[in-house]
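Q: I am new to this structure. Can you walk me through it, feature by feature?

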Protein chains: 2
Amino acid sequence: MEHTTGSFTLPGEAGYEDLTLQMAKKWGADVIRDSDGTHLSDAITKAGYGIYSTICIIRADLDWARANMDKLQQNFLMSEPVTAESDTVTIDLLSGFFRQQFIINKTDNPKEFWQVFDRTSGEEVPCDQWTFDPEAETVTATGITPWHIYTVNFLAVRIWEEISMYNHITNNWGDRPHLMAVDPRYPETQKHMLDWLDNWCRQNPDTTVVRFTSMFYNFAWFWSDDPKNRDVFSDWGSYAMTTTPLALREFAKEKGWKMTSEDFVNAGEYTSTHNVPSERYLAWMDFINRFVVSFGRKLVDLVHSYGKKAYVFYDDSWIGVEPYGRRFPEFGFDGLIKCVFNGFEARLCAGADVKVHELRFHPYLFPTGLVGEPTFAPGGNPTLEASQYWVNVRRALLREPVDRIGLGGYLHLVQDFPDFCDYMAKVADEFRMLKKFNQSCRPYTIPGKVVVLHSWGKLRSWICSGHLHEHPEVDLTNINESMSGLPIHVEFISFDDLVRDGLPEGTSVVINAGAAGSAWSGGRHWEDSEVIARLTAFVAQGGGLIGVNEPSAVSRNGRFFQMAEVFGVDRDLATKKCLRKYHFTVEKNSWILQDTPDLPASMKEVDGVYLKAPDVKVLAAAADGTPLVTARAFGKGRALYLSSFRTGLEASRMLLRAILWASHNEGGMDRYICSNYRTECAYYGDIAKLVVINDTGDPQDTEITTDSGKVSVHLKPFETVIQ
Amino acid sequence: MEHTTGSFTLPGEAGYEDLTLQMAKKWGADVIRDSDGTHLSDAITKAGYGIYSTICIIRADLDWARANMDKLQQNFLMSEPVTAESDTVTIDLLSGFFRQQFIINKTDNPKEFWQVFDRTSGEEVPCDQWTFDPEAETVTATGITPWHIYTVNFLAVRIWEEISMYNHITNNWGDRPHLMAVDPRYPETQKHMLDWLDNWCRQNPDTTVVRFTSMFYNFAWFWSDDPKNRDVFSDWGSYAMTTTPLALREFAKEKGWKMTSEDFVNAGEYTSTHNVPSERYLAWMDFINRFVVSFGRKLVDLVHSYGKKAYVFYDDSWIGVEPYGRRFPEFGFDGLIKCVFNGFEARLCAGADVKVHELRFHPYLFPTGLVGEPTFAPGGNPTLEASQYWVNVRRALLREPVDRIGLGGYLHLVQDFPDFCDYMAKVADEFRMLKKFNQSCRPYTIPGKVVVLHSWGKLRSWICSGHLHEHPEVDLTNINESMSGLPIHVEFISFDDLVRDGLPEGTSVVINAGAAGSAWSGGRHWEDSEVIARLTAFVAQGGGLIGVNEPSAVSRNGRFFQMAEVFGVDRDLATKKCLRKYHFTVEKNSWILQDTPDLPASMKEVDGVYLKAPDVKVLAAAADGTPLVTARAFGKGRALYLSSFRTGLEASRMLLRAILWASHNEGGMDRYICSNYRTECAYYGDIAKLVVINDTGDPQDTEITTDSGKVSVHLKPFETVIQ
């Protein structure tokens with residue numbers, strides 16, 4: 001492959017100037033960046049490269065934060081449940097929480113924001129029945145019911161910014177200071193931040209791009225005092241940590257109604273992105289998002305006024321920064337940077353409405369990885385890691401291109417890993433070649449459109465919440481990963497979208513996938529008859545429906561799957577023991593499982609799934625007879641049920657076939673699809689280039705039927721072949 | 001063992017008089033009975049034995065039924081769901097149902113009883129929007145919503161009594177007439193039945209006991225027209241087949257409010273005994289039960305007036321005859337006969353408030369068994385079957401005695417199975433010996449009381465609904481079976497009992513076991529804070545709680561298990577992905593699993609069960625880390641969670657230890673408990689007899705610590721040893 005240059009961001013490191021410039025050349029970098037814990041010297045910044053500088057503005061000035069503790073960020077916590085042994089109960093508010101992260105808000109009147117609940121009956125304890133003792137840090141409720149459970153929702157001030165806290169504790173940083181996150185909603189904070197940034201821009205003339213490590217509010221991360229059980233609540237998309245009294249009051253003033261503590265606490269479940277959001281919480285998110293964008297815009301404008309560009313790294317303090325939020329373009333960002341382990345993360349970045357899309361690859365140049373395993377350290381194999389991540393991401397880049405890639409961390413660590421340096425050079429060249437193809441034209445895509453229906457819709461396109469390895473059981477994350485590299489059009493819509501606008505033009509298949517009650521399955525949205533009727537009509541009139549795990553699930557009207565009449569499959573939650581469940585024999589050798597007959601053996605069964613119609617075809621069943629894969633004609637359309645979905649090469653192939661079958665497009669398999677599912681291809685028609693990739697570490701042979709006949713390709717491990 | 005006589009009911013058979021009298025002697029029979037399909041000749045009835053004669057009064061007179069088709073029994077059916085393709089929908093009412101069982105009630109005004117439902121929205125279609133076409137047998141609804149699903153609840157008349165139907169079709173009886181079940185609620189029917197019975201009594205002077213094959217209403221059994229999928233709805237305890245228009249009208253008149261079709265149809269789930277009953281349905285059951293008892297009493301009185309006794313065989317048409325119903329004694333029955341496969345069925349019989357308790361043993365003297373397998377036919381092994389059932393039942397009879405045992409069927413079939421004849425002689429002698437011991441005194445029982453808490457309470461003592469082999473997944477049936485042979489006191493109470501009266505005096509352990517929403521777990525009853533508070537107080541003050549599968553489950557107040565704060569265990573239904581779940585290590589060698597360390601390997605895990613408190617001990621976990629057995633101290637009490645319960649020798653032993661642990665009575669293991677859990681014992685203190693039984697087909701050695709020291713016993717396969 002030709003060695004090319006550009007579109008590559010290198011992490012530089014002062015003290016290693018020669019290495020920095022040498023690697024910049026080897027990897028074809030056009031930009032050098034600093035990282036958390038490194039800085040760039042003049043020898044680097046003056047070498048003619050673009051310079052990215054990292055800023056995390058809410059924790060940037062610890063002295064100011066210390067002097068303005070009343071402007072720190074706050075959030076609601078629910079105290080640990082306490083069983084009352086008489087008609088009085090005293091509750092230690094911070095019991096179990098990490099006291100280095102949280103202190104109680106003792107400034108504002110607790111009766112304005114706090115709530116005490118009887119968690120046995122679900123009723124709130126009236127304000128006049130409880131008192132807060134600021135010295136003991138307890139709430140005492142009287143006149144309550146013995147043997148009921150009580151909790152207090154209270155406002156806590158966070159005195160340790162979570163990323164600082166995590167790195168500090170994980171790396172044993174001893175007496176290094178604890179950074180603190182200030183809330184920019186306070187006018188004084190805004191003024192200070194603007195001044196600080198103005199000053200920073202003036203002092204960093206070589207910086208061409210200010211790389212915001214997101215904006216203001218971290219994803220939710222509540223810690224406990226038990227080192228072995230740190231996370232009390234941890235969610236990548238939750239707005240739980242945005243609730244200062246000022247914000248709460250401004251919201252109430254604007255809307256005429258108040259968010260309560262319980263809107264955020266939800267009886268201790270808080271506001272997880274995996275759960276169906278309430279209308280009230282959505283209003284709050286919109287309120288916060290509007291603020292984040294409007295003040296963020298001021299910071300971006302300031303950066304622009306210095307002739308610098310503003311990129312945002314979408315991680316950590318990313319609340320309100322969602323790239324598929326409707327206000328995202330209003331930030332005025334010049335670029336979006338996303339760290340990627342997987343293809344779906346690349347697609348999130350690639351599809352955002354922003355000029356420059358950049359991926360920060362893994363592994364990070366750190367001695368150890370995510371769970372403390374060695375990476376750039378003895379015993380580590382960063383080349384293998386990089387190749388696995390590249391295989392994940394490459395197939396997504398065949399479908400939707402990005403503009404840049406890069407790395408992060410301590411560059412000096414690569415010195416002991418020359419094979420990694422060689423490998424990254426190859427990846428960078430490969431990336432630039434694919435980018436060139438994609439600039440010429442878009443690759444062949446199967447006609448029609450796959451629409452994913454869930455509670456969040458477009459806002460949570462491609463990413464449900466967090467990385468695949470964190471919640472590998474979330475079916476939709478797995479489906480997104482498989483789809484990220486398939487030659488299909490994908491769109492994400494919400495139930496509100498469906499009811500308001502119907503399905504998007506050209507929809508061929510709708511996917512609804514997830515556990516009952518999750519945001520991905522849809523929970524309460526399936527209580528809306530219009531949702532059911534729209535989809536029923538769509539399938540009856542020829543559309544395709546794919547349901548996974550507990551699609552359309554809510555117990556209502558004698559069904560659990562609200563689309564059960566279409567799937568011909570429902571789940572018995574033990575209330576249908578005495579009702580008919582149709583017998584069946586498994587249809588072997590189905591078209592859908594043709595390439596991957598052994599895949600169902602690894603599928604997780606959903607206990608109690610049964611046939612409620614005689615004309616459902618069962619393509620696979622668990623050992624105990626529970627259907628795993630079913631297919632059914634309904635009216636002019638087709639409906640498929642899968643009990644679970646875990647991504648992988650076999651699963652991606654099954655999904656492709658499922659989509660084609662549901663679209664009445666079995667012929668789609670005969671055009672620009674690799675015969676060997678361990679390989680994939682993209683065809684760029686205008687330049688007549690066929691790119692074939694090997695998704696495995698073994699050599700592969702594959703055949704592709706093109707418009708001008710069959711092509712046979714032999715691929716080395718992980719290889720990309722151009723024809 | 002001494003050969004004794006009495007307490008044994010033999011099925012005689014005309015044409016085999018010698019055999020009948022010979023077997024009567026061999027088995028020590030004192031009573032001879034007829035069976036369905038056999039009759040007794042004078043040579044038998046005059047031989048000096050008591051004579052039982054079988055009567056099923058609702059199907060006894062086919063001619064009268066044919067002449068009174070307007071008095072046949074009726075029930076509500078829900079038509080198969082139909083998706084509307086426009087604003088009009090036409091529904092074929094009987095589509096899919098077995099037309100030899102059901103015809104549509106065309107006599108009464110459909111608008112009085114029927115309902116049409118939009119099953120997408122759950123709303124009823126107003127009466128003026130639908131019409132019934134009696135010729136086409138369809139209902140047409142207009143002004144409805146396209147793509148919604150519609151069903152009709154309608155009254156069907158049953159033209160084939162279900163037991164007749166089942167036997168007829170199973171045995172290919174060709175043109176033998178279809179018997180029909182009349183409803184005794186009609187005064188004319190009552191008069192006819194009394195006349196018929198009076199006449200029968202007069203014509204059968206040798207009969208000493210009239211054996212009612214239950215009373216009037218069969219358990220619910222709706223058939224479809226698909227021979228491969230016969231059962232549409234089949235429930236052993238449901239009152240679904242009791243709803244004639246007359247009954248519905250009388251109920252409305254008495255109560256001032258009407259039962260609707262939907263009270264019985266429940267969106268197609270009907271009224272399964274496994275589900276939590278509604279208050280309205282309970283009112284209906286009470287209404288029917290009162291009638292069954294009051295008219296049943298008239299029949300019993302009539303039998304008594306002829307100097308005969310009246311026994312009831314509790315099977316088939318047993319609705320309203322429940323032996324633990326509060327009115328059961330009012331029938332005036334002299335005896336209760338229960339067929340038994342298992343110990344819990346023996347306990348149901350043994351504990352009923354009636355003079356004579358009789359068990360009808362299995363196998364039935366039929367060529368084939370329950371699912372068509374050979375019994376008294378080539379390839380059958382009735383002796384092995386009998387020994388297995390006897391082993392199941394014997395351990396229950398050690399705890400609570402019955403008065404009689406017997407067999408049923410065609411006696412001539414035993415001629416080819418002399419080993420069966422010998423074995424039954426041994427069983428009969430063994431039974432009579434145990435009965436004698438039990439007449440002397442009650443065996444040793446561990447102090448304290450195990451209270452089973454479920455929706456039905458005492459009414460469904462010992463039997464949930466049906467036999468173990470039909471729904472082996474029902475945890476409580478399995479628990480009942482294990483408990484049936486343990487040396488413990490057991491009582492069954494409902495949630496209403498708990499709230500009204502508290503726990504019974506002497507309660508040491510409460511068990512709540514079952515799937516969420518089932519009658520056994522309790523469903524909506526757990527929305528009652530008083531239930532939670534009562535049990536919380538009970539455990540906090542020293543009581544024991546055992547929860548199985550999804551105990552106390554209803555999604556509410558942030559918990560799924562409402563007793564989660566006590567168990568320290570809850571189930572995450574995917575809404576708690578981002579919340580803390582305590583890490584744990586499994587405690588090996590726990591006291592509870594001491595005898596049965598391998599048992600948890602066969603336990604079914606409940607997906608998503610997790611620790612919500614740090615002080616819970618996990619005694620066993622599934623391969624994926626989900627807890628299977630947990631134990632926790634709560635206040636002064638103890639709480640145990642088991643993910644599932646399937647009966648067996650190991651499981652029974654674990655349950656015994658669980659009960660003792662929860663009762664703070666670990667010492668209970670050291671008194672009259674066999675060291676080898678494959679053996680069990682009962683100690684009759686007043687007569688100083690220790691009975692030791694071998695529950696297996698292998699020889700066993702066991703030790704028992706008695707009040708006067710350790711005893712070692714060697715037992716042959718299935719043996720009963722007296723010391």
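A: Start with a helix. In α10(B), the buried residues are G343(B), F344(B), E345(B), A346(B), R347(B), L348(B), C349(B) and A350(B). Keep in mind that this is a predicted model.

Q: How many residues of helix α10 of chain B are buried?
A: Buried means under 20% relative accessible area. Eight of the eight residues of α10 (residues 343-350) of chain B are buried, so the helix is largely enclosed by the rest of the structure.

Q: How do I describe two packed helices?
A: Two packed helices are described by the angle between their axes and the distance between the axes. Take α11 (residues 382-399) and α12 (residues 418-440), both of chain B: the angle is about 5°, and the axes are 10 Å apart. That makes α11(B) roughly parallel to α12(B).

Q: Which residues make the contact of α11(B) with α12(B)?
A: From α11(B) come P382(B), T383(B), A386(B), S387(B), W390(B), R394(B), L397(B) and L398(B). From α12(B) come D419(B), F420(B), Y423(B), V427(B), E430(B), F431(B), L434(B) and N438(B). By class, 10 are nonpolar, three are polar and three are charged.

Q: At what angle do α1(B) and α12(B) pack?
A: The angle between α1 (residues 17-27) of chain B and α12(B) is about 45°, with the axes 8 Å apart. Angles under 35 degrees count as roughly parallel, and 65 to 115 as roughly perpendicular. The helices α1(B) and α12(B) are therefore oblique to each other.

Q: Which residues make the contact of α1(B) with α12(B)?
A: M23(B), K26(B) and W27(B) contribute from α1(B). On α12(B), the partners are F420(B), C421(B), D422(B), M424(B), A425(B), A428(B) and R432(B). Seven of the contact residues are nonpolar, none is polar and three are charged.

Q: Now single residues. Is F538(B) buried or exposed?
A: Read the relative accessible area. For F538(B) the value is 14%, so this residue is buried. F538(B) lies in helix α15 (residues 529-540) of chain B.

Q: What does F538(B) contact?
A: Set aside neighbours within four places in sequence. F538(B) is then in contact with L503(B), T507(B), S508(B), V509(B), V510(B), G543(B) and G544(B).

Q: Where is S552(B), and is it buried or exposed?
A: S552(B) sits in the loop between β23 (544-549) and β24 (553-556) of chain B. At 1% relative accessibility, S552(B) is buried. Beyond four places in sequence, S552(B) touches N512(B), S521(B), W526(B), F560(B), F561(B), Q562(B), M563(B) and F567(B).

Q: What does the side chain of T38(A) reach?
A: T38(A) is in the loop between β2 (31-33) and α2 (42-45) of chain A. T38(A) is buried, at 10% relative accessible area. Its side chain reaches the backbone nitrogen of S35(A) at 2.8 Å. Further along the sequence, T38(A) touches G12(A), E13(A), G409(A) and Y410(A).

Q: Which residues does a cis peptide bond join?
A: Look at omega. In chain A, H362(A) and P363(A) are joined by a cis peptide bond with omega about 0°. In chain B, a cis bond joins H362(B) and P363(B), also with omega about 0°. P363(A) is in the loop between β18 (356-361) and α11 (382-399) of chain A. P363(B) is in the loop between β18 and α11 of chain B.

Q: What is phi for N266(B) and Y672(B)?
A: N266(B) is not a glycine, yet its phi is positive, about 50°. N266(B) lies in the loop between α8 (261-265) and α9 (279-305) of chain B and is partly exposed at 34%. Phi of Y672(B) is also positive, near 55°. Y672(B) lies between α17 (649-662) and β31 (679-684) of chain B, in a loop, and is buried at 3%.

Q: How are chain A and chain B related?
A: A turn of 180° and a shift of 0.0 Å along the axis put chain A on chain B with an RMSD of 0.0 Å. The two copies are thus related as by a two-fold rotation axis. In chain A, the C-alpha nearest the axis belongs to D607(A), 4.8 Å from it.

How values were computed. Residues numbered from 1 in each chain as written. Chains lettered and ligands numbered in written order. Predicted model: local features only at pLDDT ≥ 70, side-chain atom pairs only at ≥ 80, totals over all residues. Heavy atoms only, no water. Axes fitted to C-alpha atoms, helices over the stretch in contact; angles between N-to-C directions. Helix = DSSP H or I, 4+ residues; strand = E, 2+ residues; numbered from the N terminus. Parallel < 35°, antiparallel > 145°, perpendicular 65-115°, else oblique. Contact = heavy atoms within 4.5 Å. Nonpolar A, V, L, I, M, F, W, Y, C, P; charged D, E, K, R; others polar. Buried < 20%, exposed > 50% of the residue type's maximum accessible area, 1.4 Å probe, protein only. Polar contact = N/O pair within 3.5 Å; in protein donor to acceptor, adjacent residues only side chain to side chain. Least-squares fit on C-alpha atoms with pLDDT ≥ 70 in both.
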